[in-house]
Amino acid sequence: MYHSQHKKQITVQNRRTFFLFLGKLSFFSIIGWRLFNIQILDSAKYKTLSKNNQISVKILYPVRGEIKDRNGNIIATNKKVYDLYVIPEQTKNLKETLNNLNNFIHFDFEKKRKIILLSKKVKKFESIKIEENLNWEKLELIEANKNHLPGLHLQEDYQRVYPQNKYFSHILGYISQPTLNDLNLPFISKMPRLDIGKTGLEKFLNEDLIGKAGNIEVEVNSSGKVIREISTNPSMKGQNISISIDQRLQKFSYFELEKHKAGSIVVLNIKTGEILSMASIPAFDPNLIIKKPNKNYWELLLNHPLSPLTNRSIQGLYSPGSTFKMIVALAGLKHKVINYSKTQFCDGKIEFGDRLYHCWNKKGHGSMNIENAIKESCDVFFYELSKKIGIEKIAQMAKEFGLGEKYQIGFENEKQGIVPTKKWKREKLKESWYAGETLITGIGQGYLLTTPLQLVVMTARIAANGKKIEPTIFKRKENKEFDKIPNINNHIGLINRAMFKVVNEQKGTANRSKSEEYSFSGKTGTSQVKKITIEERESDDYKKKDVDWKNRDHALFVGYTPSENPKYAISVVIEHGGSGASTAAPIAKRIFDYIYKQKI
Amino acid sequence: MNFSKIININVLFLFIVILLSFIGMAALYSAAAGNFDPWSKKHIIRFTISLILLFLVSLIDIKYVYKHSYTLFFLTLLLLFSVEIFGIFGKGATRWIQIFGVSIQPSEIVKVSIILALAKFYHNLRFDRIGKIHNLFFPMMIIIIPFTLTVIQPDLGTSLSIFILGVGMMFIAGVKIWKFVVGLSIMVISYPFFWNSIKLYQQKRILSFLNPESDPLGQGYQLIQSKIALGSGSLTGKGFLEGTQSYLEYLPEKQTDFIFTLIGEEFGFIGTIFIVFLYSLLILIAFYISIKSIHIFGRIISLGVALNLFIYVVLNMAMVTGLMPVVGIPLPLLSYGGTAMLSVMISFGLLLNVDLHYNYQKMKP
């Protein structure tokens with residue numbers, strides 16, 4: 001039995017060995033045929049290549065992808081221009097060529113040094129950009145004197161253009177030549193001419209926008225002239241990317257903001273978390289940063305006292321002021337410190353630990369329940385409430401609503417803000433927590449700091465009855481599922497009702513901004529910039545508007561519309577704008593008007 | 001060990017092996033512009049050491065080889081594992097391991113032990129039971145474990161060789177052809193599971209390997225230089241030491257994976273075809289030894305060794321002539337590189353061992 005199997009196996013194996021032999025033979029034949037092709041048939045071609053000529057491989061640079069707003073309007077694109085390049089390999093002497101060039105067009109010593117430095121870093125047949133976007137006069141000069149300038153090349157190129165100028169400055173950022181450090185990035189290595197995004201989405205999306213480099217193999221003679229192309233492997237344009245911003249709303253936000261000196265507006269689609277508008281002033285024009293020479297413009301930006309390069313929507317840190325009261329109220333309700341009917345009497349101030357804590361309304365609000373305390377923004381009520389809740393539970397609720405969190409939506413330098421706790425203070429300030437600081441935090445002052453983006457996310461989460469809306473700057477589908485914040489289901493309705501009353505009932509702090517055509521809810525906030533002394537409080541000046549601009553309060557408003565089944569959330573912060581009710585709420589209303597009018 | 005067996009050793013095979021390694025030495029001498037340093041001298045030293053090992057391996061009683069086949073497989077597998085572990089704790093991707101101060105690339109060694117392990121397995125197996133599920137599972141593990149370990153290194157050239165080698169040997173052993181079709185389909189289907197089960201940094205390593213964009217000039221440039229070297233060699237070549245080094249300056253692997261192009265430039269089509277002929281001869285002798293052998297163990301080892309050599313040669317030549325993307329496979333005996341030389345010579349030792357024990361009666365079933 002075993003022997004018969006053995007014999008059978010030997011037969012099968014011999015047969016297969018024969019097949020394997022045939023298979024190997026055919027593979028070797030293919031190799032032999034290939035060698036015959038290269039070494040005999042095409043030999044003449046390769047011989048000439050090898051003898052007199054050089055093969056040069058040039059990178060075909062990819063065209064950067066475009067960026068569009070949510071409706072397909074182009075907000076970053078490319079324009080054809082002529083640039084001047086030098087290929088070190090084709091010059092007799094790089095320094096000499098550059099010196100000759102200086103006779104025709106001026107360029108400074110520092111630049112010359114940089115080019116020579118870069119030429120040592122990259123392969124010697126690589127072109128290095130000398131000047132971009134040449135005007136006609138220079139183009140003609142260089143064309144006419146070509147013989148004196150070996151190694152120089154004019155090349156069609158693309159220049160980045162931002163058609164919306166400053167309106168998308170902070171969102172898009174800008175592009176620029178890579179630094180020597182950038183050249184180590186895997187996706188741009190060995191492409192020294194490639195502009196890459198330096199900040200904003202241009203930087204975040206570099207890998208998608210850059211596209212793929214192609215290359216072209218050319219035969220060049222000894223003087224560097226291209227004799228013929230051997231093969232071309234075209235480059236691939238980078239991806240076009242759409243973002244969630246609505247160009248019209250973005251522009252209108254700037255229109256509103258520019259009536260003031262500094263501030264931010266962020267509008268969020270509550271259903272999807274998409275950011276529809278994110279405006280920050282002062283802003284800058286990225287086209288002017290890209291355009292060389294840009295030295296003067298840079299200096300202007302860097303010396304500007306209000307730092308236009310800062311994206312206040314995500315980098316500005318503000319005390320939320322009274323807009324924080326919803327969080328404190330929710331913490332109180334969740335932990336059953338108060339209920340709907342419990343009241344607190346406000347006579348304009350309370351005393352705690354031999355210090356007076358004032359309500360913004362010096363005369364006092366009288367007897368307040370929680371709903372009215374939000375509606376009329378009674379400070380005393382929230383002093384008392386936060387005292388009973390304690391800082392830890394307030395901080396916990398604040399974090400549920402997205403304060404003290406980085407959303408990482410695509411921007412570097414996004415600020416985290418501060419949601420203070422005892423542990424935080426011990427670690428950061430090496431001090432223990434004072435009970436009075438809980439009271440101050442309870443009205444959104446003190447250590448508590450938030451960004452406008454965090455405020456709009458907080459508002460959206462309240463409006464969505466506790467769904468943890470996650471913001472995004474990219475387009476997102478309507479049916480995105482969000483987690484729910486636990487144990488607030490029974491209380492969130494009350495908060496939304498109170499926010500409705502803020503706008504729509506008499507005595508509500510934003511009642512003057514009420515709309516007849518649609519409903520919206522919200523909460524005003526006025527955050528102190530300067531500590532108010534007792535003397536100032538008693539003096540008449542405090543009431544008047546002639547306080548120094550930089551000492552004026554920040555004006556805040558957060559809100560959403562429509563009040564039932566809300567779709568849009570907003571946060572408005574006007575630096576030193578006075579009060580939330582008088583400055584920020586009317587802006588929010590005008591933005592909502594615009595949204596309905598333009599059917600955004 | 002009976003040294004007197006040495007008189008029966010296959011002299012033709014040995015002669016071709018020595019001839020090839022001397023051609024390698026000459027090519028490396030030329031690659032260094034007429035210098036024995038840095039490659040040529042070391043190459044011949046390595047060859048000498050490997051040749052001694054070849055003799056030792058060929059003289060061992062085949063019974064012992066058979067007895068320790070699995071042990072050897074596990075030991076080499078352990079080496080391969082340790083590379084992966086050093087890869088985690090060390091500085092990222094590595095294929096090398098230090099043993100007694102010598103750098104070894106376990107993925108090369110493991111190929112030989114796969115041949116041994118599969119040969120032992122099929123020797124033990126009655127032919128009518130070869131298709132049983134559990135009898136398919138075991139050899140598949142012998143292939144898949146080292147294959148997976150080399151993929152995640154990532155050493156795609158070697159993992160590809162391991163895969164072809166393993167599948168080829170199962171074919172030789174007599175596994176039904178439709179089972180290969182099924183097996184291949186299962187592999188394709190289970191690919192996403194494999195991908196998800198490996199670590200993120202391993203995924204990244206593999207992706208960065210597969211993504212040549214990291215060097216946009218990269219392979220196209222290397223290849224055109226390689227073709228110019230081969231093509232300008234024409235029929236008879238430019239002559240020894242007459243190759244234009246300037247082109248090969250652009251070949252970072254001229255002394256290892258691209259050594260064949262240098263031979264093509266200096267010795268022409270005649271030279272390259274002669275090399276192909278020498279390798280074919282080695283493979284032919286291995287086939288002859290296989291058919292001659294009366295025991296399955298020897299037959300499968302011989303065919304495995306032949307297949308292993310064939311894979312090296314064809315992948316390397318296909319790569320340098322532009323028939324296949326550059327994956328990093330040396331040309332045995334010609335390329336500079338220690339472990340591949342050692343691994344191939346040990347496998348040749350096994351082949352000659354089978355030749356010396358072709359009618360070993362104790363191995364008969």
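Me: What is the area buried between chain A and chain B, and what share do carbon and sulfur atoms give?

Reply: In this predicted model, about 5,100 Å² is buried between chain A and chain B, and carbon and sulfur atoms give 68% of that area. Arg16(A), Phe28(A) and Gln39(A) supply 15% of what chain A buries against chain B, more than any other three residues.

Me: How many residues are in contact, and which part of chain A gives the largest share of the side that touches chain B?

Reply: On chain A 49 residues are in contact with 62 residues of chain B. Helix H1(A) gives the largest share of the side of chain A that touches chain B, with 26 residues.

Me: How many salt bridges and how many polar contacts are counted between chain A and chain B?

Reply: The salt bridge count between the two chains is zero, while eleven residue pairs are in polar contact.

Me: What makes Arg70(A) and Glu274(A) a salt bridge?

Reply: Let's set the value against the cut-off. A side-chain nitrogen of Arg must lie within 4 Å of a carboxyl oxygen of Glu. Here the closest N and O atoms are 3.2 Å apart, so the pair passes the 4 Å rule.

Me: Why is Leu25(A) called partly exposed?

Reply: Good one to work through! Partly exposed covers the range between under 20% (buried) and over 50% (exposed). Leu25(A) has 45% relative accessibility, so Leu25(A) counts as partly exposed.

Me: Glu265(B) and Lys238(B) meet in a salt bridge, but which is buried and which is partly exposed?

Reply: Glu265(B) has 0% relative accessibility, so Glu265(B) counts as buried. Lys238(B) has a relative accessible area of 27% and is therefore partly exposed. Their side chains meet at 2.8 Å, N to O.

Technical notes
Residues numbered from 1 in each chain as written. Chains lettered and ligands numbered in written order. Predicted model: local features only at pLDDT ≥ 70, side-chain atom pairs only at ≥ 80, totals over all residues. Heavy atoms only, no water. Buried < 20%, exposed > 50% of the residue type's maximum accessible area, 1.4 Å probe, protein only. Contact = heavy atoms within 4.5 Å. Buried area = accessible area lost by both parts, 1.4 Å probe. Polar contact = N/O pair within 3.5 Å; in protein donor to acceptor, adjacent residues only side chain to side chain. Helix = DSSP H or I, 4+ residues; strand = E, 2+ residues; numbered from the N terminus.
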